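Subject: Structure handover

Hi,

Here is the structure I promised to pass on. Have a look at it in your viewer first, then read on.

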Amino acid sequence: MAVTTVMTFPTLDQAESALDWIGLNFADAENAFEGDILPEDSELLDEAIGDPDSPDAVRALAQALLTLLAGSPAGVAYRVTFEA
């Protein structure tokens, strides 16, 4: 399965915080975090998008992941990168 980069954050902490906020499982990679999203993860993404307390970056990441998932109903591998 090809890994798709969905978003780049300025720092490691911001990237990790956004993924944690959504509640996705992920692993460390070189200057990135990687994981797989499955159709059942769409509920987590929808919740993050609809939560009025979600930071804009979390909503943007959740929307990007939801769009990626919509194009691959069996699930997809993703990468979130960071600059520093």
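Below is what I found in it, going from the whole chain down to single residues.

First, a caveat: this is a predicted model, so please read everything below with that in mind.

**Overall picture**

The protein chain has 3 helices and 4 strands, and from the N terminus they come in the order β-α-β-β-α-α-β. The radius of gyration is 12 Å, which agrees with the value near 12 Å that a compact globule of 84 residues would have. If you want a box for it, the C-alpha atoms fill roughly 35 × 30 × 15 Å along the principal axes. Of the 84 residues, 35% count as buried. The accessible surface comes to about 4700 Å², and carbon and sulfur atoms account for 51% of that. Take the contacts between residues at least 6 apart in sequence: 69% of them join residues at least 24 apart.

**The sheet and what lies across it**

The 4 strands make up an open sheet with mixed pairing, in the order E1-E4-E3-E2. Strands E1 (3–9) and E2 (27–29) stand at the edges; each has a single partner strand, so one side of each is left without a neighbour in the sheet. From one strand to the next, the twist averages 30°.

E3 and E4 run antiparallel and are joined by 6 bridges. If you want a spot to check in that region, Asp 36 stands opposite Ala 77 in E4.

Two of the helices are worth a look here. Helix H1 (residues 12–22) lies across E1, E3 and E4, at about 145° to E4. H3 lies across E1, E3 and E4 as well, and its angle to E1 is about 165°.

**Salt bridges**

How many salt bridges does the structure hold? There are 2.

One of them joins the side chains of Arg 79 and Glu 34, with an N to O distance of 2.7 Å. Arg 79 sits in strand E4 (residues 76–82) and Glu 34 in strand E3 (residues 32–37), so this pair ties together parts that are 45 residues apart in sequence. As for accessibility, Arg 79 is partly exposed at 24%, and Glu 34 is partly exposed too, with a relative accessible area of 25%.

The other is between Arg 59 and Asp 56, whose closest N and O atoms are 3.2 Å apart. Here both residues lie in helix H3 (residues 56–70), 3 residues apart, which is about one turn of the helix. Arg 59 is partly exposed at 24% relative accessibility, whereas Asp 56 counts as exposed at 61%.

Is Ser 54 buried or exposed? It is buried, with a relative accessible area of 4%, and the cut-off for buried is under 20%. Its place is in the loop between helix H2 (42–50) and H3. So what does Ser 54 contact, leaving aside its neighbours within four places in sequence? Trp 21, Ala 48 and Arg 59. Arg 59 is the residue that also forms the salt bridge with Asp 56.

Cheers

Key. Residues are numbered from 1 along each chain as its sequence is written. This is a predicted model: local features need pLDDT of at least 70, side-chain atom pairs count only at pLDDT 80 or more; totals for chains, interfaces and linings use all residues. Side-chain values use heavy atoms; hydrogens and water are left out. The radius of gyration is taken over C-alpha atoms; the globule rule is 2.2 Å times the number of residues to the power 0.38. Buried means under 20% relative accessible area, exposed over 50%, partly exposed in between (1.4 Å probe, protein chains only). Contact means heavy atoms within 4.5 Å. Accessible areas come from the Shrake-Rupley method with a 1.4 Å probe; for residues, only the protein chains shown count as cover. A salt bridge is a side-chain nitrogen of Lys or Arg within 4 Å of a carboxyl oxygen of Asp or Glu. Two strands pair if DSSP finds at least two bridges between them. Axes are lines fitted to C-alpha atoms, for helices over the stretch in contact, and angles run from 0 to 180 degrees between N-to-C directions.
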